[in-house]
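Q: Could you walk me through a few places in this structure while I have it open?

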Amino acid sequence: MKVLFLGRKSGTSAHRANALRRLGHEVEILDIFECVPTLPLMGVWQRYLGSVGLASLIRTRVLDQLAGRSAFDLVWVDAGGLVSRELVQKLKQFAKRVLNYNAEDPYGNRDVNYWVQYRRAVRAYDLVVVVRKENVEEARSLGARKVLLVYRSADEVAHAPIQLSQEDRARWATEVLFVGTAFAERGPFFAELVKYGIPLSIYGNGWEKLNEWKTIRPYWKGPGLDDNYSYAAAIQSAKVSLGLVSKGNRDLHTTRSLEIPSLGGVFCSERTDEHLALYEENREAVFWNSAEECAAKCHALLSDDAWRHSVAENGRQRYLKNGWTNEKVAEKVLEATFG
């Protein structure tokens, strides 16, 4: 098929576009964020004002780029926080189907008004894909015609284990790793891990804004690992990789839940119903309910090489068996769209 992909040209959005290409489809990415003007307080406009006015400008810029173009079989809108209902309706003039895939929680309140345009547009899509159970009924209540629930997914290429040199292993070697953005509830959690003597390495953005920054700072190694190689190298070189869900995002699993086992890392995360459905506890992954329990599990893993290696291997095999990979999820999405 000929697919127009409205999403970022980087990160997990680009991974999904590449998965469609590997499935044999002709994919053109139109990065909608390149249509956003560079103005002061743009983030505030989107987060607190719901992109009112901005969405109309983006619609005009997108349609200008599509003027005179031949038809597509599908438009895949990834996330879609800046895509208005009017733009979705116009996109139907260029494609047989228009779908939305959103791994965030556009029905919650963590992001204030950022998802106003998305919620207005839900009823216009031919398919809405969500990753949390609550979102199914929430989408239907806003008039969604068809809703598909999936787990998030890791990428067959970007998150495949890589060959590392001895120099790279030494460069990235860590005991207990966390890669992720700082949220308010994460400050006290990591400060408590420090108190319990966990040898942490933290990569991510926003940590300096937390009240606990003075305690956490010695363990912060740098900003988020945005390139595939650094991310893979860090996880493969860590003895234990932590996974935290976002409370504000109502997460019961995250992309880390798939990416860490895919890369052969030891997945040590919060105990949730979805994590327990994905992996057998203490055999394929390790779970906890508190910082104290997390610290105890980390100490146990660090002191038991055989158990740690077994969890890593079993976790990767279970991930492969579960089949939550970008290509397989894309196939489910396309089947639901055209089936």
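Q: Okay, where is threonine 12 placed?
A: This is a predicted model, and in it threonine 12 belongs to helix H1, which covers residues 11-22.

Q: And is threonine 12 buried, partly exposed or exposed?
A: Threonine 12 has a relative accessibility of 31% and therefore counts as partly exposed, since that class lies between the 20% limit for buried and the 50% limit for exposed.

Q: What separates the C-alpha atoms of threonine 12 and valine 329?
A: The two C-alpha atoms are 13 Å from each other, while threonine 12 and valine 329 are 317 residues apart along the chain.

Q: Switching topic, which strand has glutamate 270 in it?
A: Glutamate 270 is part of strand E11, made up of residues 267-270.

Q: Buried or exposed, that glutamate 270?
A: Glutamate 270 is buried, because its relative accessible area is 13% and buried means under 20%.

Q: What does glutamate 270 touch?
A: Leaving out residues up to four places away in sequence, glutamate 270 touches Gly243, Leu244, Val245, Lys247, His275, Phe287 and Trp288.

Q: How do E10 and E11 pair?
A: Strand E10, residues 238-243, pairs with E11 in the parallel sense over three bridges, and leucine 242 has cysteine 268 in E11 as its bridge partner.

Q: What's the strand order in the sheet?
A: The open sheet has six strands with parallel pairing, in the order E9-E8-E7-E10-E11-E12. Strands E9 (220-222) and E12 (286-288) stand at the edges with a single partner strand each, so one side of each has no neighbour in the sheet.

Q: And how are neighbouring strands turned?
A: On average, and with direction ignored, neighbouring strands of this sheet are turned by 30 degrees against each other.

How values were computed:
Residues numbered from 1 in each chain as written. Predicted model: local features only at pLDDT ≥ 70, side-chain atom pairs only at ≥ 80, totals over all residues. Heavy atoms only, no water. Helix = DSSP H or I, 4+ residues; strand = E, 2+ residues; numbered from the N terminus. Buried < 20%, exposed > 50% of the residue type's maximum accessible area, 1.4 Å probe, protein only. Contact = heavy atoms within 4.5 Å. Pairing = 2+ DSSP bridges. Axes fitted to C-alpha atoms, helices over the stretch in contact; angles between N-to-C directions.
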